Amino acid sequence: MAGKFILSGFSDEIDKSTDLQFQHLNKLGISYFEPRGIDGKNISELTEQEAKDLKRKMDGYGINASSIGSPIGKIFITDDFLTHMDKLKRVIETAKILDAEYIRMFSFFIPKGDEPEKYRTEVMERLGEMVALAEKEGVVLLHENEKEIYGDVAVRCRDIFETIQSLAFGAVFDPANFVQCGQKVYPEAFDMLAPYIRYMHIKDAKEDGTVVPAGYGNGKVREILTE
């Protein structure tokens, strides 16, 4: 714990081996991770047995899952949705095995050259179906603002949360992704989304899109954490 924040991270950026990930987290004194890359497989691809094996390993190292770093919603809005819902069901089962309340997700890539508003109805219908499943299964979906998806800028993120109001739905606030979309992060995006933020990525970027260490870009990380 650091103040009122739980520190976690995408430890697959250390190494693809979960043993090396967990050993390094132990050295850093961090007891949470966001499972995404698991020994060369994406978290959404784990079988039930693989998820159980991962949980045993987590327990052995004293590591907990802060959120499932899933790719759910990271398909084009024009792609098949039924098979994607099957993937979400699999991810939810993995989340339960790993005792993870949260599942990170996205609001669908928009075809290049098209206006996002053209697909608003379809986006909301799909998200609504996903959140309804989350409610039924007792997990919380957290929408991450990401480049080139419907919810890439703050006003469309707010539209999503105002349209789909649920205790099983919240926001992952990613400053760097907003910077890379030309979105003013603080106070503009933060003020719009503050009521919905459950989780934050400590990630920063310069106006030219270059990702830099936190505090060295335009993401106003210090100001947001202070508030």
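Two strands pair if DSSP finds at least two bridges between them. Helices (H or I, at least four residues) and strands (E, at least two) are DSSP runs, numbered from the N terminus. The model is predicted: local features need pLDDT of at least 70, side-chain atom pairs count only at pLDDT 80 or more, and totals for chains, interfaces and linings use all residues. Residues are numbered from 1 along each chain as its sequence is written, and side-chain values use heavy atoms, with hydrogens and water left out.

**The sheet**
- An open sheet with parallel pairing is formed by four strands in the order S5-S6-S7-S8.
- The edges are strand S5 (102-105) and strand S8 (197-200), each with a single partner strand, so one side of each has no neighbour in the sheet.
- From one strand to the next, the twist averages 35 degrees (angles run from 0 to 180 degrees between N-to-C directions, with axes fitted to C-alpha atoms, for helices over the stretch in contact).
- Four bridges join strand S6 (residues 140-144) and strand S7 (residues 169-173) in the parallel sense.
- His143 has Ala171 of S7 as its bridge partner.
- Helix H4 packs on the sheet and touches S5, S6 and S7 (contact means heavy atoms within 4.5 Å).
- The direction of H4 makes about 145 degrees with that of S6.

**The helix pair**
- Helix H3 (residues 82-97) packs with helix H4 (residues 120-137) at about 30 degrees, their axes 11 Å apart.
- H3 is therefore roughly parallel to H4 (angles under 35 degrees count as roughly parallel).
- Met85, Leu88, Lys89, Ile92, Glu93 and Lys96 of H3 make the contact with Glu129, Met130, Leu133 and Glu137 of H4.

How values were computed
Parallel < 35°, antiparallel > 145°, perpendicular 65-115°, else oblique.
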